[in-house]
Amino acid sequence: MLMGWFGLDEDAQPGAADDLLGQLARDLSAQGVRVAGAVQVNSTPDPECACDMDVVVIGDDAPPIRISQSLGTGSTGCRLDPGALEQAAARVSQRMAGAELLVLPKFGRQEALGRGFCSVIAQAVSEDLPVILHVPAQQRQAFAQFSGDLAQRIAPDDLGRWCARAVAERP
């Protein structure tokens with residue numbers, strides 16, 4: 001399987017998938033796996049803001065990319081900055097050479113529209129590079145259409161084992 005994905009229960013703590021992927025990337029790197037990709041880091045700067053969302057490109061010394069935008073108090077629109085997400089995807093794409101595994105934050109709304117990390121996922125699949133990511137419940141149908149039979153659902157507790165097997169079986 002070229003893509004592994006996981007979901008979390010609806011009552012999971014906000015940011016739990018991001019924390020899980022961040023720890024997974026650190027653990028795999030410590031084991032000597034050449035990991036490329038990105039992880040999302042959320043911070044709550046003040047009580048009136050849901051959170052700031054940053055993408056850290058794995059192995060890149062450049063500062064994280066802020067993918068959220070402040071829309072002001074009382075705003076109900078999506079705070080994602082699509083241009084910043086595209087910038088993050090471009091930086092990940094530039095760092096994929098020589099990687100054994102690609103870790104991405106999620107297949108979200110932008111990816112469901114064919115944007116965001118879609119081109120990076122396609123590049124990885126074309127290079128037989130295994131991909132691991134989170135798929136929120138609301139994007140699972142779009143992800144199934146995008147991935148076809150190239151993806152396998154993985155229990156969160158099995159992510160490390162799946163990644164080790166995917167890296168070992170890579171052509």
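I began with the sheet, which is open and has seven strands in the order β4-β3-β2-β5-β6-β1-β7, with mixed pairing. Strands here are DSSP runs of E with at least two residues, and helices are runs of H or I with at least four, numbered from the N terminus; two strands pair if DSSP finds at least two bridges between them. I noted β4 (65–66) and β7 (151–153) as the edge strands, each pairing on one side only.

Before going further I recorded that this is a predicted model, in which local features need pLDDT of at least 70, side-chain atom pairs count only at pLDDT 80 or more, and totals for chains, interfaces and linings use all residues. Residues are numbered from 1 along each chain as its sequence is written, and side-chain values use heavy atoms, with hydrogens and water left out. The protein chain averages a pLDDT (the predictor's confidence in each residue, from 0 to 100) of 90.

Next I looked at β6, where strand β1 (residues 3–6) is joined in parallel by four bridges, with Trp5 opposite Leu133 and Phe6 opposite His134. I found that β5 also pairs with β6 in the parallel sense, over four bridges, and that Leu104 has Leu133 as its bridge partner.

Which residues of β6 are buried on its two faces? I listed Val131 and Leu133 on one side and Ile132 and His134 on the other, where buried means under 20% relative accessible area, exposed over 50% and partly exposed in between (1.4 Å probe, protein chains only).
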